[in-house]
Amino acid sequence: MATIVEFDRVGLRYGTGAEVLRDLDFRLAAGGFYFLTGPSGAGKTSLLKLLYLAQRPTRGRIQLFGDELTDAPREALPPYRRRIGIVFQDFRLIRHLSAFDNVALPLRIAGKPEAEVESSVREMLAWVGLADRASARPPTLSGGEQQRVAIARAVIARPELLVADEPTGNVDAEMAKRILHLLTALNRLGTTIIVATHDISLITATPGAQMIRLDNGAMVDPTGSLKNPPAQMGRADA
Ligand SMILES: Nc1ncnc2c1ncn2[C@@H]1O[C@H](COP(=O)(O)OP(=O)(O)OP(=O)(O)O)[C@@H](O)[C@H]1O
């Protein structure tokens, strides 16, 4: 199975502080479903930032989509970022745009016809239970509603890689199930998914997903399976 992400002895420090990520050495298979877990402060968000190219490693090498990006110039990165859907822990919705227009953004950037944008966005908002909030702006939405808009925006264009930081942190158990269903469906269509979460019920409800455990900036991988992904590793429904 093709490798979509490869970390080779990656380390990260912020400024002159101690390393918050150490010796990360793993590969993610294209089409896989991964959960990233570990105690608060273990480095999950930092690892995701490296993945979606918001942060450069201070040590080691990173390959994404088969290309070596460790020293790639800043202006070379946007085309790679467009292949990644991101659910930020703090949502990062555009305040002055409606929920509809926030979700529509990736499709409009991709140049999709407006009729297609309209039907896809309506369908997606209905799925996340926000059909009647389409014209609301983010500051008037609850935390859970904003999170659902953020998820809808991240998945609408079917990215090759989806990176989600605590995507169910602000929703109830029923909505968490729907969100997981959405992610599993996207995974079946070929998107590689990596979800940072403390929610054990998400992990147990996704048979076939792989777990990446971080502790104090280092990967805890007793089986070593992520160094050489076995053939059967992959989609959650495999
Ligand atoms: N911008 C930053 N500048 C300096 N230190 C940072 C920065 N961002 C994170 N850190 C530090 O890096 C370490 C890892 O933080 P990170 O947010 O990656 O952990 P986490 O596992 O995502 O935690 P949580 O589960 O609480 O979200 C922590 O010690 C944190 O204080």
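Which residue of β4 is the bridge partner of Val5? The legends below take this up in a predicted model.

**Figure 1. Strands β1 and β4 run antiparallel.** In β4, Val5 has Leu64 as its bridge partner. Strand β1 covers residues 3–13 and strand β4 covers residues 59–64. Their pairing rests on 5 bridges. Both strands belong to an open sheet of 4 strands, in the order β2-β1-β4-β5, with antiparallel pairing. β2 (19–29) and β5 (67–68) stand at the edges, and each has a single partner strand, so one side of each lacks a neighbour in the sheet.

**Figure 2. Arg9 has a positive phi in strand β1.** The phi of Arg9 is near 45 degrees, and Arg9 is not a glycine. The residue sits in strand β1. Is Arg9 buried or exposed? Arg9 is exposed, because 12 other C-beta atoms lie within 10 Å, and a count of 12 or fewer qualifies as exposed.

**Figure 3. Helix α1 is largely enclosed by the rest of the structure.** Of its 8 residues, 6 are buried, which is why α1 counts as largely enclosed. The buried residues are Lys44, Ser46, Leu47, Leu48, Leu50 and Leu51. Just after α1 comes Leu53, with a positive phi of about 65 degrees.

**Figure 4. Strand β8 is covered on both faces.** All 5 of the 5 residues of β8 (residues 192–196) are buried, so the strand is largely enclosed by the rest of the structure. In a regular strand the side chains alternate between the two faces of the sheet. Thr192, Ile194 and Ala196 lie on one side of β8. Ile193 and Val195 lie on the other.

**Figure 5. Strands β3 and β7 each run parallel to β8.** Strand β3 (residues 33–37) is joined to β8 by 4 bridges. Tyr34 has Ile194 of β8 as its bridge partner. Strand β7 (residues 161–165) is joined to β8 by 5 bridges. Here Asp165 is partnered by Ala196 of β8. Which helix lies in the β-α-β unit with β7 and β8? Helix α6 (residues 173–188) does, and the unit is right-handed.

**Figure 6. Arg158 has a positive phi in the loop between α5 (143–155) and β7.** The phi of Arg158 is about 45 degrees, although Arg158 is not a glycine. Arg158 is partly exposed, with 13 other C-beta atoms within 10 Å.

**Figure 7. The chain as a whole sets the context for the close-ups.** The chain has 7 helices and 10 strands. A compact globule of 238 residues would have a radius of gyration near 18 Å, and the chain, with 17 Å, agrees. Its C-alpha atoms fill a box of roughly 45 × 40 × 35 Å along the principal axes. Of the 238 residues, 38% count as buried. Among contacts with a separation of 6 or more, 71% join residues 24 or more positions apart.

How values were computed:
Residues are numbered from 1 along each chain as its sequence is written. This is a predicted model: local features need pLDDT of at least 70, side-chain atom pairs count only at pLDDT 80 or more; totals for chains, interfaces and linings use all residues. A residue is buried if 20 or more other C-beta atoms lie within 10 Å of its own, exposed if 12 or fewer, and partly exposed in between; C-beta atoms are placed from the backbone. Helices (H or I, at least four residues) and strands (E, at least two) are DSSP runs, numbered from the N terminus. Two strands pair if DSSP finds at least two bridges between them. A crossover is right-handed if, with the strands pointing away from the viewer, the path from the first strand over the helix to the second runs clockwise. The radius of gyration is taken over C-alpha atoms; the globule rule is 2.2 Å times the number of residues to the power 0.38. Two residues are in contact if their C-beta atoms, placed from the backbone, lie within 7 Å.
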